[in-house]
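Student: Hi! Could you walk me through this one? I'm new to it.

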Amino acid sequence: MLDIKLVRENPELVKENIKKKFQEEKLHLVDEVLELDEKGRAFKTEGDNLRAERNKVSKEIGALMGQGKKDEAEEAKAHVGEINDKLAHIEEETKKFEDEIKTRMQKIPQIIDQSVPIGKDDSENVENDRYGEPIVPDYEVPYHIDIMESFDGVDLDAARETSGSGFYYLKGDIARLHSAILSYARDFMIDRGYTYYIPPFMIRSDVVTGVMSFEEMENMMYKIEGEDLYLIGTSEHSMIGKFINTITDEDEMPLKMTSYSPCFRKEVGAHGIEERGVYRIHQFEKQEMVIICKPEDSKKFYDELWNNTVDFFRSLEIPVRTLECCSGDLADLKVKSVDVEAWSPRQQKYFEVGSCSNLGDAQARRLGIKLRGEDGTYFAHTLNNTVVAPPRMLIAFLENMLQADGTVKIPEPLRMYMGGKEKLVPVEK
C-alpha cells in the first residue's frame, strides 16, 4: 500500500506506474482517493477546531462555577454537549472516509523499481543469466510421472479417490528423496546464517490482506469454513505476519529467516499438458527465505536471496537461469521480482522452480511493521524467496539426474539424507 502523501503530492507518478503495469482500469482509483482524502481532511480539520473549542469552553465552566454563575455554567455545559454530538458525527464520517480510502489504496499497485522491464505478461519477461550447462542426453528422458513410477514412488489414482485432482501420494525412495531435498535446503540456509522457523500453517484474514493483493487472495487461498482462518499458500505469509504491529530497533536489522511449511493453493485457471502430474498441485511443501531490513538495504538483500537459490540448485548439479519479471507480471505489492528456472532435459527448456521478490514497504505499511531509529519510526522493507519447493523441484532433479540405465544419481550433498545411497535403482516389475 502506497503512502497517501505520495498520492497527494505526485498523483501523475502513481497513474504512470499503473499504466506501466497495464492496469488502466485502476486509474480512476487515484482520483477517487484524492477526492475522498480532501473531504476526509476537511472533516478532520473541523473536528480539530471543535475539540479546541470544547477545551476552551470546558475551562470556562470551571471559572463560571467559581464565580457562582451557575446558569451560565449550565449553558456552557450544554454547548459542550452539542460539540460532543457534532464530534461523534464527524468521527463517524471520518472513519468512513478512511475506510473508503484504504479499500482503494489496497488496490493501487506498488511503485515498481526503475530497472523493471516493461511488458504486458510473463511472455515478455527477460532472461538475466544462466548458471550451468543445459544438457540434452542422447537417450530418452521420460515424463516425470513415468520416472517416479519406475521407482514405484507415486500414486495419483489413489490421491484422486481420497482428495481429488491436484493431489498425490509419494512413497518409497521418491518420498525419501522429497524429504532429503527439504532437509538439505534447511541446513543449506542455516549454514548461510538464516534462523530456522516452523510457522503456523493457518493465519487470520488481517494477515492475509496484509501480505498479498485481493486478486492473489481470491486465486490462491483456502478459507476454513466458519473460522477467521486461511491455510497458508507459503510460509512467507505467516513469517511476515509474525511482525504485525511491531516496532523493532533498526540495530537489530536485518532479520534473516528460513522457514519450512506445507503450502495450500487453489491454483485457479486452466493449465497445459506439461503441468500435469505433480507440477501444478493444491498441496506441496517448501523451504522459504524471508528478510526484514532497512529500506536502504533491500536491493542488496534481494540479490543475496536469488543467489542463494541459484547456489542451492547448482550444488545439486541442476542448471538454472534467472528471469526478470516484467511490469505486467508483477503482483501489485511487488517492487521487483526474479524467477529462478531449472533446466528440463525432456522439454529442452527451462521452467519455474522459485520466485524472489522485493516488496519494498508494501507489506510493512499494511501490517504496521516499523523500525525505530534515531529520528523516529519508519516502515521496514520485506523480501522473500523460494529455496526449494518439492515435488515440483523433483521434476528438475529426476530429469537431470536420470542415467541411461534408468537409475537416478544422488549428488554428494544429498547422500547423508538418503542413508548414504549414491543412486536410486528402478523397482523390478
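Student: Where does Pro391 lie?
Tutor: Pro391 is in the loop between β16 and α13. Helices (H or I, at least four residues) and strands (E, at least two) are DSSP runs, numbered from the N terminus. Before we go on: this is a predicted model, where local features need pLDDT of at least 70 and side-chain atom pairs count only at pLDDT 80 or more, while totals for chains, interfaces and linings use all residues. Residues are numbered from 1 along each chain as its sequence is written, and side-chain values use heavy atoms, with hydrogens and water left out.

Student: And what is the peptide bond from Pro390 to Pro391 like, cis or trans?
Tutor: That bond is cis, with omega near 10°. The bond from Met253 to Pro254 is also cis, with omega near 0°. Pro254 sits in the loop between β8 (246-249) and β9.

Student: OK, what about α13? Is it buried or exposed?
Tutor: Ten of its ten residues are buried, so α13 is largely enclosed by the rest of the structure. Buried means under 20% relative accessible area, exposed over 50%, and partly exposed in between (1.4 Å probe, protein chains only). The buried residues of α13 include Arg392, Glu399 and Asn400 as well as Met393 and Phe397.

Student: Let's do the sheet. What's the strand order?
Tutor: The open sheet has eight strands in the order β1-β11-β12-β13-β16-β10-β9-β4, with mixed pairing. Two strands pair if DSSP finds at least two bridges between them. At the edges are β1 (126-131) and β4 (195-197), each of which pairs on one side only. Neighbouring strands are turned by 25° against each other on average, direction ignored.

Student: How do β9 and β10 pair?
Tutor: β9 (residues 255-264) and β10 (residues 283-293) pair in the antiparallel sense over ten bridges. Met257 stands opposite Val290 in β10. With β4, the pairing of β9 is parallel, over three bridges, and Tyr196 stands opposite Thr258 in β9. β9 is also mostly covered, as nine of its ten residues are buried.

Student: Which strands does helix α7 lie across?
Tutor: Helix α7 (residues 172-191) lies across β4, β9, β10 and β16 (381-388), and runs at about 10° to β10. Axes are lines fitted to C-alpha atoms, for helices over the stretch in contact, and angles run from 0 to 180 degrees between N-to-C directions. Helix α13 (residues 392-401) packs on the sheet too: it touches β12 (336-344), β13 (349-358) and β16, and its direction makes about 140° with that of β13. Contact here means heavy atoms within 4.5 Å.

Student: How many residues are in the largest nonpolar core?
Tutor: It has 63 residues, and those with the most contacts inside it are Met148, Leu177, Phe312, Phe313, Met393, Phe397 and Leu414. Helix α7 gives the most to this core, with nine residues. A core is a set of buried Ala, Val, Leu, Ile, Met, Phe, Trp, Tyr and Cys residues joined through side-chain atoms within 4.5 Å.

Student: What does Leu177 touch?
Tutor: Leaving out residues up to four places away in sequence, Leu177 touches Leu394, Phe397, Leu398, Ile410, Leu414, Met418 and Leu424. There is also a second, separate core of 23 residues, which includes Val211, Met217, Ile369 and Ala380.

Student: New topic: how many aromatic pairs are there?
Tutor: Eight. Rings of Phe, Tyr and Trp (its six-membered ring) pair if their centres lie within 6.5 Å; planes under 30 degrees apart count as stacked, over 60 as edge-to-face and the rest as tilted.

Student: Why is the pair of Tyr184 and Phe188 edge-to-face?
Tutor: Their planes are at 70°, with the ring centres 5.9 Å apart, so the pair is edge-to-face. Both residues lie in helix α7, four residues apart, about one turn of the helix. Phe188 also forms an edge-to-face pair with Phe312, at 5.4 Å centre to centre and 80° between the planes. Phe312 is in helix α11 (residues 298-315), so that pair ties together parts that are 124 residues apart in sequence.

Student: Which residues do ring pairs link into a cluster?
Tutor: Tyr184, Phe188, Phe312, Phe313 and Tyr417.
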